[in-house]
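Work through the exercises below with the structure in view. Each one gives a task and then a solution in steps.

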Amino acid sequence: MPAWTEGHDEPTHPSREQIYRRLERFYASCTASGLPEMRRLATTVSTWRNEIIAGIVSGVSNAGSEGHNRAIKTDARCAYGYRNPVTQRLRARLATTRRGRGHLATRTSARHSQPRQRSKR
């Protein structure tokens, strides 16, 4: 068990008030540092404060959709663009499926549920 979880039976999540207090301490430490980069970071975090708090409290994020967008853009850059929009949609769909990214094959029936055994020659 990690040291930070000792004494806690269940994971605890901070309340909105605790998050606000921690953010205020963060802003104060950024200002006290005297570094312009830290001030800019504090300004950015302050701008996105409500979204950050909502993400912490709800535990919901858009990481999945961001991952798909990254895969699509990477595929398009590698191909230097596509001439045919239908082909582009098909390639984007392929790039964002588990099978297309090289993960385990999907199960279609009991016969195919086990990985293939390589023959020994």
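**Exercise 1.** Find the handedness of the crossing of helix 4 and helix 5, then describe how the two helices pack.

Solution.
- Step 1. Helix 4 and helix 5 cross in a right-handed sense. The model in which this is seen is a predicted one.
- Step 2. Take the geometry next: the two axes come within 9 Å, and the crossing angle of helix 4 and helix 5 is roughly 130 degrees.
- Step 3. Angles over 145 degrees count as roughly antiparallel and 65 to 115 as roughly perpendicular, with the rest oblique above the parallel range. Helix 4 is therefore oblique to helix 5.
- Step 4. On the side of helix 4, the contact is made by Ala71, Ile72 and Asp75, and helix 5 supplies Arg91, Ala92 and Ala95.
- Step 5. Sorted by class, the contact of helix 4 with helix 5 has four nonpolar, no polar and two charged residues.

**Exercise 2.** Which residues line the largest cavity, and which helix gives the most to the lining?

Solution.
- Step 1. The count comes to one cavity of 30 Å³ or more, and the volume of the largest cavity is about 30 Å³.
- Step 2. Its lining consists of Ile72, Asp75, Ala76, Tyr82, Gln88 and Ala92.
- Step 3. Helix 4 (63-78) and helix 5 (85-95) are the elements that each give two or more residues to this lining.
- Step 4. Helix 4 gives the most, with three residues.
- Step 5. By class, the lining has four nonpolar residues, one polar and one charged.

**Exercise 3.** Describe how helix 1 and helix 2 are set against each other, using the angle and the distance between their axes.

Solution.
- Step 1. Helix 1 spans residues 16-33 and helix 2 spans residues 36-47; they pack at an angle of about 155 degrees, and their axes are 8 Å apart.
- Step 2. An angle over 145 degrees counts as roughly antiparallel, so helix 1 is roughly antiparallel to helix 2.
- Step 3. The crossing of helix 1 and helix 2 is left-handed.
- Step 4. From helix 1, Leu23, Phe26, Tyr27, Cys30, Thr31 and Ser33 take part, and they meet Met38, Arg39, Leu41, Ala42, Val45 and Ser46 of helix 2.
- Step 5. The contact of helix 1 with helix 2 comprises eight nonpolar, three polar and one charged residues.

**Exercise 4.** What is the angle between helix 2 and helix 3, and which residues meet there?

Solution.
- Step 1. Helix 3 covers residues 49-58; helix 2 and helix 3 pack at an angle of about 65 degrees, with axes 4 Å apart.
- Step 2. Helix 2 and helix 3 are therefore roughly perpendicular to each other.
- Step 3. Val45, Ser46 and Thr47 in helix 2 are in contact with Arg49, Glu51 and Ile52 in helix 3.
- Step 4. Two nonpolar, two polar and two charged residues make up the contact of helix 2 with helix 3.

Methods:
Residues are numbered from 1 along each chain as its sequence is written. This is a predicted model: local features need pLDDT of at least 70, side-chain atom pairs count only at pLDDT 80 or more; totals for chains, interfaces and linings use all residues. Side-chain values use heavy atoms; hydrogens and water are left out. Axes are lines fitted to C-alpha atoms, for helices over the stretch in contact, and angles run from 0 to 180 degrees between N-to-C directions. Angles under 35 degrees count as roughly parallel, over 145 as roughly antiparallel, 65 to 115 as roughly perpendicular and the rest as oblique. A crossing is left-handed if the near helix is turned anticlockwise from the far one by less than a right angle, and right-handed if clockwise. Contact means heavy atoms within 4.5 Å. Ala, Val, Leu, Ile, Met, Phe, Trp, Tyr, Cys and Pro count as nonpolar, Asp, Glu, Lys and Arg as charged, and the others, Gly among them, as polar. On a 1 Å grid over the protein atoms alone, a cavity is a set of points where a 1.4 Å probe fits but cannot get out, and a pocket is an open set with protein on both sides within 12 Å along at least five of seven lines; lining residues have an atom within 4 Å of a point. Grid points are joined across faces, edges and corners, and a volume is the space filled by probe spheres set on the points.
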